[in-house]
Amino acid sequence: MADRPASPRVIVTRRLTPSVEARMAELFDTALNPDDHALSADELIAAVAEADVLVPTVTDAIDARVIEAAGPRLKLIANFGNGVDHIDLKAARAKGIIVTNTPGVLTEDTADMAMALILSVPRRLPEGEALARSGTWTGWSPTSMLGRSLQGKTLGILGMGRIGQAVARRARAFGLAIRYHNRHRLPSVVEAELGAVYRADLDQMLAEVDILSSHCPHTPETHRIIDARRLALLGPEGFLINVARGEIVDEAALAAALAAGTIAGAGLDVFAQAPIVPPALLAQPNALLLPHMASATHEARDATGAKVIANIRVWADGHRPPDQVLEGWV
């Protein structure tokens, strides 16, 4: 392989945890983002013009225009996070730039958050908390704040990768039956372990489940895959959970379904135009809305940073990084 700098110029686009930033500064010629502002397109273009390694996050649109502006030094985009749909992989490959990600480190925390939403939304926790704070609560009654039990219900999982499987393991402990839809069927031994039944047809699965939890990547094929028609298949007692990508859901259709009662509730940690949350969703009391918190733990952020550092070090040593994103990643 071509010679690579022993101390590459590494430009980091967002604030990372102190331990990760300190370690990067020890190992590399590192430029950090101390005020943590999301870089503009022009700032990203300036960064790729001088970097050997760019460390972006999901908030950075590393599109063809940005990659085309890269200087000859840029040979590695070491993404801080697993999802790489914000990076134009085709443009990067055409320019000979390696892209890496950080698989696995966010699985358990993200699955925990999905399970928290699965527990919270059917039991109407956001509405109950708001009532307790309102000063208008008049006390317990047999018909007050009735929600839905999880026992005997069916959970549908859209996207049965690492996180989807981790959610299935948790859900079984709460008495949920599991259905799943995935591009590829899991081996029978994994299905047996998870107690999961495969449905090749998404519409069929939606008609069978009480709760849908989305864990698929955002691709042209999954863009707004949960639209008005599919929300209707969940029915007026159905619930939607999304901790994957906001673009998977037609947010206007979801807000309309929540308002009309054609779906019972939703728990969302992601939004198509984050940090903007559609006002129509904000107006729905049966929607639990979170600011992209699923992987927001100290442990997950430190582990993600450690993976980024490992990818850079292996690349700088002249080897193929362990988490190189290959064609057909999604």
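**Close-up views of a predicted model**

**View 1. Helices α5 and α7 meet at an angle.** In this predicted model, the axes of helix α5 (residues 107-120) and helix α7 (residues 162-173) come within 9 Å and cross at roughly 50°. That angle makes α5 oblique to α7. The crossing of these two helices is right-handed. On the α5 side, the contact is made by Thr 107, Glu 108, Thr 110, Ala 111, Asp 112, Ala 114, Met 115 and Ile 118. Helix α7 contributes Arg 162, Ile 163, Ala 166, Val 167, Arg 170 and Ala 171. Sorted by class, the residues in this contact are 8 nonpolar, 2 polar and 4 charged.

**View 2. Five strands line up in an open sheet.** Follow the order β2-β1-β3-β4-β5, with 5 strands paired in parallel. At the edges you will find β2 (29-31) and β5 (98-100), each with a single partner strand, so one side of each has no neighbour in the sheet. On average, neighbouring strands here are turned by 20° against each other, direction ignored.

**View 3. Strand β4 pairs with β5.** Strand β4 (residues 76-78) joins β5 in the parallel sense over 3 bridges. Look for Ile 77, which stands opposite Val 99 in β5. Helix α13 (residues 298-316) lies across β1 (9-12), β3 (53-55), β4 and β5, and runs at about 160° to β4.

**View 4. Strand β11 is covered on both faces.** Which residues of strand β11 (residues 265-268) are buried on each side? Gly 265 and Gly 267 are buried on one side, and Ala 266 and Leu 268 on the other. Strand β10 (residues 239-242) pairs with β11 in the parallel sense over 4 bridges. Here, Leu 240 stands opposite Ala 266 in β11.

Definitions and conventions. Residues are numbered from 1 along each chain as its sequence is written. This is a predicted model: local features need pLDDT of at least 70, side-chain atom pairs count only at pLDDT 80 or more; totals for chains, interfaces and linings use all residues. Side-chain values use heavy atoms; hydrogens and water are left out. Axes are lines fitted to C-alpha atoms, for helices over the stretch in contact, and angles run from 0 to 180 degrees between N-to-C directions. Angles under 35 degrees count as roughly parallel, over 145 as roughly antiparallel, 65 to 115 as roughly perpendicular and the rest as oblique. A crossing is left-handed if the near helix is turned anticlockwise from the far one by less than a right angle, and right-handed if clockwise. Contact means heavy atoms within 4.5 Å. Ala, Val, Leu, Ile, Met, Phe, Trp, Tyr, Cys and Pro count as nonpolar, Asp, Glu, Lys and Arg as charged, and the others, Gly among them, as polar. Buried means under 20% relative accessible area, exposed over 50%, partly exposed in between (1.4 Å probe, protein chains only). Two strands pair if DSSP finds at least two bridges between them.
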